[in-house]
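Biologist: I'd like a quick tour of this one. Can you walk me through it?
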Amino acid sequence: MKFDHVALISKNIEKTVKWYVENLNAEILYQDETWGLVSVANVKIAFVMKHQHPSHICFEINDDYIEKHLRDKIFKKHRDNSASCYISDIDGNHIEFLKWPKKNG
């Protein structure tokens with residue numbers, strides 16, 4: 001398991017990304033109307049719309065981790081061909097577990 005990103009709620013993805021670029025020298029990794037992803041000091045920050053995703057921290061995992069800890073979870077496929085599921089900790093904070101498809105060859 002490794003840290004992948006933190007996700008923050010944004011009311012306007014374009015304005016939020018612009019603020020991070022101008023104030024924190026963020027590098028834009030991806031941006032559309034509903035989702036943005038930037039890198040600041042080698043940390044990825046995703047900006048999400050409240051009606052689509054909760055604020056969360058995300059960890060990239062492999063099949064062994066899924067088998068041991070998330071066997072009963074349903075993973076939702078994303079537009080970039082990754083898949084993820086969410087759980088909540090004991091305080092209600094959201095944690096996303098991200099899985100990339102296996103590479104052939």
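Modeller: One term to start with: contact means heavy atoms within 4.5 Å. Also, this is a predicted model.

Biologist: Fine. Which residues is Val40 in contact with, leaving aside neighbours within four places in sequence?
Modeller: Val40 is in contact with Leu24, Ala26 and Ile45, once neighbours within four places in sequence are left aside.

Biologist: And which residues make up the largest nonpolar core?
Modeller: That core has nine residues. They are Ile13, Val17, Tyr20, Ala26, Val38, Val40, Ile45, Phe47 and Met49.

Biologist: Which elements give two or more residues to this core?
Modeller: Those are α1 (13–24), β3 (35–40) and β4 (43–48). Of these, α1 gives the most, with three residues.

Biologist: What else lies apart from it?
Modeller: Another core, of six residues. Among them are Ile61, Leu70, Ile95 and Phe97.

Biologist: Why would such side chains sit together?
Modeller: In soluble globular proteins, nonpolar side chains tend to be buried together.

Biologist: New topic. Is Ser39 buried or exposed?
Modeller: Ser39 lies in strand β3. Its relative accessible area is 17%. Buried means under 20%, so Ser39 is buried.

Biologist: What does Ser39 touch?
Modeller: Not counting residues up to four places away in sequence, Ser39 touches Ala26, Glu27, Leu29 and Lys44.

Biologist: Now the surface. Which residues form a nonpolar patch there?
Modeller: Phe3, Val43 and Ile57 do. Together they have about 230 Å² of accessible area.

Biologist: Where is Phe3 found?
Modeller: Phe3 is in strand β1, residues 2–9. Phe3 counts as partly exposed because its relative accessibility is 42%.

Methods
Residues are numbered from 1 along each chain as its sequence is written. This is a predicted model: local features need pLDDT of at least 70, side-chain atom pairs count only at pLDDT 80 or more; totals for chains, interfaces and linings use all residues. Side-chain values use heavy atoms; hydrogens and water are left out. A nonpolar core is a set of buried Ala, Val, Leu, Ile, Met, Phe, Trp, Tyr and Cys residues joined through side-chain atoms within 4.5 Å. Buried means under 20% relative accessible area, exposed over 50%, partly exposed in between (1.4 Å probe, protein chains only). Helices (H or I, at least four residues) and strands (E, at least two) are DSSP runs, numbered from the N terminus. Patches are made of residues with over 30% relative accessible area and no salt bridge: like charges are joined within 9 Å, nonpolar side chains (Val, Leu, Ile, Met, Phe, Trp, Tyr) within 5 Å. Accessible areas come from the Shrake-Rupley method with a 1.4 Å probe; for residues, only the protein chains shown count as cover. A salt bridge is a side-chain nitrogen of Lys or Arg within 4 Å of a carboxyl oxygen of Asp or Glu.
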